[in-house]
Amino acid sequence: MDTYSLQTRPLVILGLTALGFLSGCAPMGTGQMAEGGFNAAKSALSALSPTAAGADERQKRMQATLNDADVGDDIQPLLDKMGEPPREKSGNSMGYTCYEYPSVYSATDAAVLMSFNGKVVFYGNSRCTEEMDADNFRSGGKYSTNSSL
């Protein structure tokens, strides 16, 4: 035997052995084992989520209510149709009121209904802290047409 084959033989054997180990692990990395692990992790994480346990129906109901909303609608029927009280309700001295519902569009995306004198002026994916920002009520702001600032 020459020196070259004596040096490469252990490398070839080591490579084939590693390939054997890797192919033996393949069922664990793919297929039912991986899917089972993914589903278990997903179940564990969604148990901690505020959108878990029937929230799909909740989200669908609230999204459908918002899809039926129009600027200028009376706010009270929409609030009643949401089916639960808002998590946050804030207002200001200019007559604006913001109603926030958590986890409507996703686990982290809230929905707001913004009203002025009992009428809807904004609805959608936002937070009351964003909508009630003072800059929105100044000249040129989102709600400046109804404001005197």
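Visitor: How many bridges join β3 to β4?

Guide: Strands of a sheet pair through backbone hydrogen bonds, either parallel or antiparallel. Two strands count as paired if DSSP finds at least two bridges between them. Here β3 and β4 run antiparallel and are joined by six bridges. Met114 stands opposite Phe122 in β4. Two residues lie between β3 and β4 in their hairpin, and Asn117 in the turn has a positive phi of about 50 degrees.

Visitor: What should I know about the model before reading on?

Guide: This is a predicted model, in which local features need pLDDT of at least 70 and side-chain atom pairs count only at pLDDT 80 or more, while totals for chains, interfaces and linings use all residues. Residues are numbered from 1 along each chain as its sequence is written, and side-chain values use heavy atoms, with hydrogens and water left out.

Visitor: In what order do the elements of the protein chain run?

Guide: Helices (H or I, at least four residues) and strands (E, at least two) are DSSP runs, numbered from the N terminus. The protein chain has five helices and four strands, and from the N terminus on they run α-α-α-α-β-β-β-β-α.

Visitor: Which strands stand at the edges of the sheet?

Guide: The four strands form an open, antiparallel sheet in the order β1-β2-β3-β4. The edges are β1 (88–91) and β4 (119–125); each has a single partner strand, so one side of each is left without a neighbour in the sheet. From one strand to the next, the twist averages 15 degrees. Four bridges join β1 to the antiparallel strand β2 (residues 96–101), with Glu88 opposite Glu100 in β2.

Visitor: Which helix packs on the sheet?

Guide: Contact means heavy atoms within 4.5 Å. Axes are lines fitted to C-alpha atoms, for helices over the stretch in contact, and angles run from 0 to 180 degrees between N-to-C directions. Helix α4 (residues 75–82) packs on the sheet and touches β2, β3 (111–116) and β4; its direction makes about 160 degrees with that of β3.

Visitor: Is Asn136 buried or exposed?

Guide: Buried means under 20% relative accessible area, exposed over 50%, and partly exposed in between (1.4 Å probe, protein chains only). Asn136, in the segment after α5 (128–131), counts as buried because its relative accessibility is 15%. Not counting residues up to four places away in sequence, Asn136 touches Glu130, Glu131, Gly141, Lys142, Tyr143 and Ser144. In the protein chain, buried residues make up 28% of the 149 residues.
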